[in-house]
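Hi there,

Here is the structure I promised to pass on to you.

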Amino acid sequence: MTFYGVIFYVLGIIILAATALAITRRNPMHAVIYLIVSFFGLAPLFYLLGAPLLALLEIIIYAGAIMVLFIFIVMMLKIDVTPVSAGQWLKQWFPALSLSAISGLTMVFLIWQGPAPQTLLPLAQASPREFGLFVYRRYWFAVEIASFLLLVALAGAFYLGRKDTNPEEKP
Amino acid sequence: MTAWITGCLILLLKLGIVLVGLLLLAAYLVLAERKLLARLQIRLGPNRAGPLGLMQPLADAVKLLTKEDLAPAKADRLIFLLAPAVVAATALLIFAVVPFGQDWVIGGRRIPLVVADLNVGLLYALALSSIGVYGVALGGWSSNSKYALLGGIRGAAQMISYELSLGLALVPVVMLAGSFSLVEIVAAQSRYPFLLVQPLSFLIFFVSAVAETKRIPFDLPEAENELVAGYHTEYSGMRFGLFFLGEYVTMVVMGSLVAVFFLGGWRGPWLPPLVWFFLKVLGVVFFMIWMRGTLPRLRYDQLMHLGWKLLVPLALLNIVVTGAVLLLLRA
């Protein structure tokens with residue numbers, strides 16, 4: 001096994017273990033921290049696959065921004081570590097398992113359908129400049145639609161968070 | 001094979017020197033700040049340990065290391081113990097991409113004076129500074145104390161708010177240099193430092209950097225007169241020391257980032273590059289200390305208004321204007 005192969009499998013084990021722990025912890029803060037660890041494992045994996053920009057965006061956006069908001073909310077809550085209740089299986093595990101079964105089956109189908117599962121992919125390096133040019137030349141429409149969607153979300157958040165100017169509703 | 005081994009040895013040596021240098025600089029920065037602050041307040045400052053108080057950092061380190069390491073009974077123990085390390089480690093790691101001098105050539109071998117020249121170096125620095133938030137937030141939360149929790153929440157809110165303007169202020173720099181690599185950003189400033197063409201960016205970046213280090217006038221996460229000591233209220237001994245060290249290393253790192261992005265990095269006439277870099281970093285850091293001795297603390301709503309309603313829109317406007325000017329110049 002090559003040096004990169006060893007790193008790949010070590011990272012794979014870390015990601016799988018952290019994700020498994022994240023979905024089984026009863027304490028929400030611990031769950032969030034394990035999810036952050038999982039994102040952290042994912043970033044070097046992207047780097048290893050020759051996408052340094054994606055690796056750092058993974059950390060900046062997912063580990064550094066979105067999960068901080070999760071932590072922020074959990075900090076505001078009073079956490080009671082709830083014991084497992086009776087109807088929990090149906091409410092939590094059933095939808096989770098069925099959804100992951102669907103995506104798992106799709107993945108197996110895709111791999112089975114794949115052009116050549118035996119051939120190795122050529123080692124590619126996507127520098128930030130090449131990556132940006134590629135995305136904006138080939139997929140500019142999708143990028144613009146995604147940014148428009150974010151703009152709508154921003155306007156929505158602004159509407160929800162605006163100051164209430166109606167004086168009659170004040171206590 | 002021998003080339004590989006010498007490469008490894010040189011890298012390890014460089015890592016060791018940078019790490020020790022950074023830690024020493026941070027330790028003596030504490031002394032320099034206390035001395036300067038004392039002068040600003042017409043006092044003498046620490047002058048008992050050694051000549052002129054020069055052994056004070058050493059005495060502080062011995063004191064912190066020998067103190068009892070306490071953890072509150074109801075704390076989330078593991079997170080409580082690990083949080084200070086997150087703050088100190090992320091601050092130290094950012095320096096890995098900072099070029100601090102011109103390449104050396106020793107015995108025909110080229111030794112770049114930077115630990116790692118990543119082609120995404122700028123994003124790496126931003127990513128790690130966003131990870132530093134976890135140390136503050138989790139340290140505050142896991143202490144299971146109201147003061148610490150409030151400090152942690154404030155710290156998290158402040159740091160995510162100012163990260164935005166910190167990142168946006170750097171977009172014009174990337175547009176001018178055409179690269180995310182810090183080495184290439186320094187190379188792009190061979191004729192003039194970016195401070196001359198991007199004064200607004202510099203101002204936004206500097207203010208956001210001071211807010212990221214949680215210093216006066218942005219020290220609400222540890223506001224002494226309302227929160228005791230904020231997020232590190234429950235910490236003692238060297239774990240408190242790590243939070244403290246993290247703050248001063250962040251100061252040095254932010255100073256070197258300002259130097260690299262706006263002041264031309266190690267470039268300068270007459271003096272050797274290393275000295276120039278050192279002087280620029282110390283200049284920025286001196287300004288931060290001066291601010292602490294001069295300005296009062298902001299109120300919480302003023303802090304949020306400054307970040308979201310002034311710095312972020314200004315930074316966005318600056319990006320649009322820079323883009324338009326660049327387009328005109330190239331047309």
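Below is what I found, starting with the two chains together and then taking each in turn.

A word on conventions: residues are numbered from 1 along each chain as its sequence is written, while chains are lettered from A and ligands numbered from 1 in the order in which they are written. This is a predicted model, where local features need pLDDT of at least 70, side-chain atom pairs count only at pLDDT 80 or more, and totals for chains, interfaces and linings use all residues.

Where the chains meet, 15 residues of chain A are in contact with 18 residues of chain B (in contact means C-beta atoms, placed from the backbone, within 7 Å). On the chain A side, helix α3 (residues 52–76) gives the most, with 12 residues (helices are DSSP runs of H or I, at least four residues, and strands are runs of E, at least two, numbered from the N terminus).

Chain A is divided into domain 1 (1–79) and domain 2 (126–160), with bounds from an automatic or database domain assignment. Their centres, taken over C-alpha atoms, are 23 Å apart.

Now to chain B, which has 11 helices and two strands. The C-alpha trace spans about 65 × 55 × 45 Å along its principal axes. Among chain B contacts between residues at least 6 apart in sequence, 76% join residues at least 24 apart.

Enjoy exploring it!

Definitions and conventions
Contact = placed C-beta atoms within 7 Å.
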